[in-house]
Amino acid sequence: MAATAATKGNGGGSGRVRAGDSSGAKNKGPGPVATAYLVIYNVVMTAGWLVIAVGLVRAYLAKGSYHSLYYSIERPLKFFQTGALLEILHCAIGIVPSSVVLTSFQVMSRVFLIWAVTHSVKEVQSEDSVLLFVIAWTITEIIRYSFYTFSLLNHLPYIIKWARYTLFIVLYPMGVTGELLTIYAALPFVRQAGLYSISLPNKYNFSFDYHAFLILIMISYIPLFPQLYFHMIHQRRKVLSHTEEHKKFE
């Protein structure tokens with residue numbers, strides 16, 4: 001589920017849920033070298049998504065229209081979203097205390113939407129639905145990576161923490177809507193071209209219908225979206241109420 005990229009690790013907005021959330025038990029944390037690397041990684045990713053945000057604004061001001069803005073940020077979007085694959089490695093080697101399986105699913109779902117849907121089906125790139133999930137992802141990731149950076153430095157401004165646990169209320173449904181509409185828009189083109197489909201007969205005696213696969217992905221949003229969304233609502237209450245109680249005792 002591509003939209004689940006928001007509450008991952010130490011930050012969020014549109015939905016990823018990971019172990020090691022700042023609201024849970026305290027973890028030992030990475031060593032100094034790993035911490036320095038993670039700070040650099042998160043600063044670079046924050047800057048990358050800021051570049052995407054600025055690119056969207058500049059393109060909109062230049063064109064005077066929000067249609068087809070995807071083309072103005074296509075390259076940095078692909079680069080920085082694909083760069084999130086490193087987060088799977090971070091979990092695998094233990095410098096981030098999160099599930100490798102869950103993180104892999106969440107990262108790969110976004111990478112899949114970027115490369116296997118939006119990149120592969122050129123006809124959907126001008127759809128407004130693409131802009132919908134791109135905006136949701138962009139705001140989410142700027143907040144999320146900023147959250148990670150300041151958390152690693154042990155100096156987390158409340159406004160960033162509040163944004164991480166509040167803006168998902170709008171950004172998550174916004175991202176999911178854009179993702180679903182984009183996949184739906186791609187379906188007729190996938191069927192017409194037989195994209196990534198394998199038909200019988202062949203020497204492997206194996207068939208694969210990419211069109212049906214995309215429909216199954218869309219259906220999977222039905223059980224996943226409410227579970228993740230209400231989990232995040234619960235986390236918001238838990239984290240922000242804990243922060244308010246801590247302030248009272250300061």
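**Legends for close-up views**

**View 1. S68 sits in the loop between α1 (32-63) and α2.** Helices (H or I, at least four residues) and strands (E, at least two) are DSSP runs, numbered from the N terminus. The model is predicted: local features need pLDDT of at least 70, side-chain atom pairs count only at pLDDT 80 or more, and totals for chains, interfaces and linings use all residues. Residues are numbered from 1 along each chain as its sequence is written, and side-chain values use heavy atoms, with hydrogens and water left out. The phi angle of S68, a residue other than glycine, is positive, near 60°. Most residues other than glycine have a negative phi. S68 counts as partly exposed because its relative accessibility is 26% (buried is under 20% relative accessible area, exposed over 50%, partly exposed in between; 1.4 Å probe, protein chains only).

**View 2. T82 of helix α2 (residues 70-83) and its contact partners V111 and W115.** The two partners are those found when residues up to four places away in sequence are not counted (contact: heavy atoms within 4.5 Å). The side chains of T82 and W115 make a polar contact at 2.9 Å (a pair of N or O atoms within 3.5 Å; within protein, one must be able to donate a hydrogen and the other to accept it, and residues adjacent in sequence count only if both atoms are side-chain atoms). T82 has 25% relative accessibility and therefore counts as partly exposed.

**View 3. S120 in the loop between α4 (100-119) and α5.** Its side chain makes a polar contact of 2.6 Å with the side chain of Y196. S120 touches W115, L195 and Y196, leaving aside residues up to four places away in sequence. W115 is also touched by T82.

**View 4. Helix α5 (residues 128-152) against helix α7 (residues 168-193).** The two axes come within 7 Å and cross at roughly 145° (lines fitted to C-alpha atoms, for helices over the stretch in contact; angles run from 0 to 180 degrees between N-to-C directions). The contact includes F133, W137 and I139 of α5, and M174, E179 and L181 of α7. Classed by residue type, the contact has 10 nonpolar, 6 polar and 1 charged residues (Ala, Val, Leu, Ile, Met, Phe, Trp, Tyr, Cys and Pro are nonpolar; Asp, Glu, Lys and Arg charged; the others, Gly among them, polar).

**View 5. P201 and N205 in the loop between α7 and α8 (210-249).** The peptide bond from L200 to P201 is cis, with omega near 0°. Most peptide bonds are trans. N205, a residue other than glycine, has a positive phi near 55°. With 65% relative accessibility, N205 counts as exposed.

**View 6. Two spans from the UniProt "transmembrane region" record, residues 82-105 and 165-190.** The entry is unreviewed and also lists residues 38-61 and 210-230; positions are given in the numbering used here, feature names are shortened, and annotations may be inferred rather than shown by experiment. Residues 82-105 are 62% helix and 0% strand, with end C-alpha atoms 13 Å apart. Residues 165-190 are 88% helix and 0% strand, with end C-alpha atoms 37 Å apart.

**View 7. The protein chain, with 8 helices and 0 strands.** Of its 250 residues, 48% count as buried. Among contacts between residues at least 6 apart in sequence, 74% join residues at least 24 apart.
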